[in-house]
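This briefing is meant for a reader who is meeting the structure for the first time. Please keep the sequence and the model open alongside the text while reading.

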Amino acid sequence: MMEADMENGRSYQERPRTFSTVRSKSSVPLAFRLLMRINPRALIILSLLVFSGVLYVGASTSPIVVFVFCICTLSLFFSLYLTKWVLAKDEGPPEMSEISDAIRDGAEGFFRTQYGTISKMAFILAFVILGIYLFRTTTPQQEASGLGRATLAYITVASFLLGALCSGIAGFVGMWVSVRANVRVSSAARRSAREALQIAVRAGGFSAIVVVCMAVFGVAILYSTFYVWLGVDSPGSMKVTDLPLLLVGYGFGASFVALFAQLGGGIYTKAADVGADLVGKVEQGIPEDDPRNPAVIADLVGDNVGDCAARGADLFESIAAEIISAMILGGTMAQRCKIEDPSGFILFPLVVHSFDLVVSSVGILSIRGTRDSVLISPIEDPMAIMQKGYSVTIMLAVLTFGASTRWLLYTEQAPSAWLNFALCGLVGIITAYAFVWISKYYTDYKHEPVRLLALSSSTGHGTNIIAGVSLGMESTALPVLVISVAIISAYWLGQTSGLVDESGNPTGGLFGTAVATMGMLSTAGYVLTMDMFGPIADNAGGIVEMSQQPESVREITDVLDAVGNTTKATTKGFAIGSAALASFLLFSAYMDEVASFAQLPFKEVDIAVPEIFVGGLLGSMLIFLFSAWACSAVGKTAQEVVNEVRRQFIERPGIMDYKEKPDYGRCVAIVASASLREMIKPGALAIISPMAVGVVFRILGHSTGQPLLGAKVVASLLMFATVAGILMALFLNTAGGAWDNAKKYIETGALGGKGSESHKAAVTGDTVGDPFKDTAGPSLHVLIKMLATITLVMAPIFL
């Protein structure tokens, strides 16, 4: 056909473009395919029966749980409304739909394969956990409540697998909406920038609401089920204050899936991006997302599997880990203070995130379309519009958080304690806003740091790299200061709340920090919306470029894409801050768990002891080695993509003249297989390292008469890994985001514009930053929380 077209004088550019179908079988998960085969009426009846059962279990637990279930259910209906609204928009001309179909096929095909691999590893780890728990010792509290080893083993494994399943569903939801919204944003950009912005925000909002809702629903259902099944608080059974510890497996399962999803998706998206940019932009001088680039479809697929699916699993894990750690600390404090009804302190995190769903929904709806002209006015740019929505969300969050503390944290023992905890929440909300602002300052090209980085490109590639590295290092200072002030302020407010134990010692400090963490994540729904906006806008720009729309349309998507880079960077900063606080909470829970098992006091870790200091060194080394392997994986895979793209340009010279069509499927296959292969090594390092270190030093401790040595060394490893990981993640995320937007700034026409020497140097910097900001950096804050949950789950093997 191609030869006949060329004989008739028609070029590839003039012919309708079609793309290789990557999908070989249905990419819809089996569970969803089975549900679609059920009669609609039967499905409605089944749903009502399930909801009635859930409500019954919730009512048997606490009215607070019923409130949480109702809010989550309403939020799911709201997400369905957003889905219907987005999917009702048109997909544009046929060439846009063809490109979108190719992206969707590639993303869903890779998702199916990747999560198939992850699920196999999850089942293997579940059997390992089962074996450990069947042969581990039990605490006196567990023995008193009648919980045997087998029961605890099956509970932990079931929680782990449920957490892994929900994390996977969260990732699927994130990708499902992005691969359908991208073409609708592209089509809307032909009419109005504001309409395109609104579609991208509402598509991201659908994913965000579902992810937060699933995290809250999952923990609440698990808590209620265990409460009813184990007969909690009945004579001779478990106390309600000990129940949250049974949920730790859920957080571990979520962390496990999120880590491998972030690694695999990050390697995929950045290897394709680097390969496409190095050959397409630098060597061939063609625009970004040009249809002549053989790696362009792989690049656009990567945006969905790396930035949408992985980020959905990541934020799900963040919320689940924070809820569980806060519930543990709330129960512990209530027990020490002999509070008559501790359910308010335990269930407080679930209520906070229920209100998060409400305020985030209002924030999403506050961004409306207009009938303005096509171009966005410089006065009301997309970032300003989204910031207004965030401001609305924050103001509502402050009000609902204060109401929640008065409702659930008021106690006659300390009548003013709720006010102190409300202030702790305010500290967390301010911390979240500060993180968003700091990340925006260092990554938005409207501010000086990125413009100076762009200016360094005018003197060459080397000076661009030097300036980017120094910017990333500098950007760690303000966030660390903010985290430090937040932790100390919240701890002090908790300590002075008036809650004391039997000896009269203040006990609210750690719970105050937990409340601050909840405050920071009280707007998680809207923050995740901003995060999902980025890859959707990026994909929309690629579809516009590949379908060769007018330059005015590309200008709109370029503006949205640049804002998307900033929102992704800000939400990564937000995630790092929340990871730091959540890890601090889980670390405290780990020390309590060890003390409970060992029946020995464990309140501090002395790094002056050589073995414990070595544990800290190993923890710091783990962060650097993990980051190195993650970046190396991107580099190796990108080399394969570069070689393939060069080969196609050499063997098919007609590609540059639109006379031959690139083999997009070949590049998709290369990055798909390589990313699955390369994600195993750094992921295995993260899981095996803490267990290996703990077991080795446990053996050494028993031989030298130090029964807690293994647990103390692991605690040191966790502390140092958290500190080093926070700093490394801040550096990687900010430097990568700044390099990307410095390139975008030059592409607006500054410093010579596209194709200039400054632009080529900026592309090099962006290429270096790609694995920083989308592979190693995001994976690190997942790693930090996974280390905390795995040490908590595996605590018995260190004794």
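This is a predicted model: local features need pLDDT of at least 70, side-chain atom pairs count only at pLDDT 80 or more; totals for chains, interfaces and linings use all residues.

**Briefing on selected features**

S620 is found in helix α20, which covers residues 610–651.

**Around S620**

- Leaving aside its neighbours within four places in sequence, S620 is in contact with F720, A721 and A724.
- The C-alpha atom of S620 is separated by 37 Å from that of W176, a residue that lies 444 residues apart from S620 along the chain.

**Crossing of α7 and α10**

- Helix α7 (residues 149–189) and helix α10 (residues 296–336) have axes that come within 7 Å and cross at roughly 140 degrees, and the two helices are therefore oblique to each other.
- The crossing in which α7 passes α10 is right-handed.
- On the α7 side the contact is made by G163, C166, S167, A170, G171, G174, M175, S178 and V179, while α10 contributes N304, C308, A309, G312, A313 and F316.
- Sorted by class, this contact of α7 with α10 has 8 nonpolar and 7 polar residues, and no charged residues.

**Crossing of α16 and α17**

- The axes of helix α16 (residues 477–495) and helix α17 (residues 509–520) come within 7 Å and cross at roughly 130 degrees, so α16 and α17 are oblique to each other.
- The crossing of α16 and α17 is right-handed.
- From α16, the residues that make the contact are I487, A490, Y491, G494 and Q495, and from α17 they are G509, L510, G512, T513 and A516.
- By class, the contact of α16 with α17 has 5 nonpolar and 5 polar residues, with no charged residues.

**Aromatic pairs**

- The structure holds 23 aromatic pairs, and one of them is the tilted pair of F67 and F355, with 5.7 Å centre to centre and 55 degrees between the planes.
- Because F67 lies in helix α4 (residues 63–87) and F355 in helix α11 (residues 343–365), this pair ties together parts that are 288 residues apart in sequence.
- F67 has a relative accessibility of 25% and therefore counts as partly exposed.
- The rings of F110 and Y268 have centres 4.6 Å apart and planes at 50 degrees, so this pair is tilted.
- F110 in helix α5 (residues 94–135) and Y268 in helix α9 (residues 248–283) are 158 residues apart, and their pair links distant parts of the chain; both F110 and Y268 are buried.
- A cluster is formed by F160, F252, F256 and F260, which are linked by ring pairs.

Terms used:
Residues are numbered from 1 along each chain as its sequence is written. Side-chain values use heavy atoms; hydrogens and water are left out. Axes are lines fitted to C-alpha atoms, for helices over the stretch in contact, and angles run from 0 to 180 degrees between N-to-C directions. Helices (H or I, at least four residues) and strands (E, at least two) are DSSP runs, numbered from the N terminus. Angles under 35 degrees count as roughly parallel, over 145 as roughly antiparallel, 65 to 115 as roughly perpendicular and the rest as oblique. A crossing is left-handed if the near helix is turned anticlockwise from the far one by less than a right angle, and right-handed if clockwise. Contact means heavy atoms within 4.5 Å. Ala, Val, Leu, Ile, Met, Phe, Trp, Tyr, Cys and Pro count as nonpolar, Asp, Glu, Lys and Arg as charged, and the others, Gly among them, as polar. Rings of Phe, Tyr and Trp (its six-membered ring) pair if their centres lie within 6.5 Å; planes under 30 degrees apart count as stacked, over 60 as edge-to-face and the rest as tilted. Buried means under 20% relative accessible area, exposed over 50%, partly exposed in between (1.4 Å probe, protein chains only).
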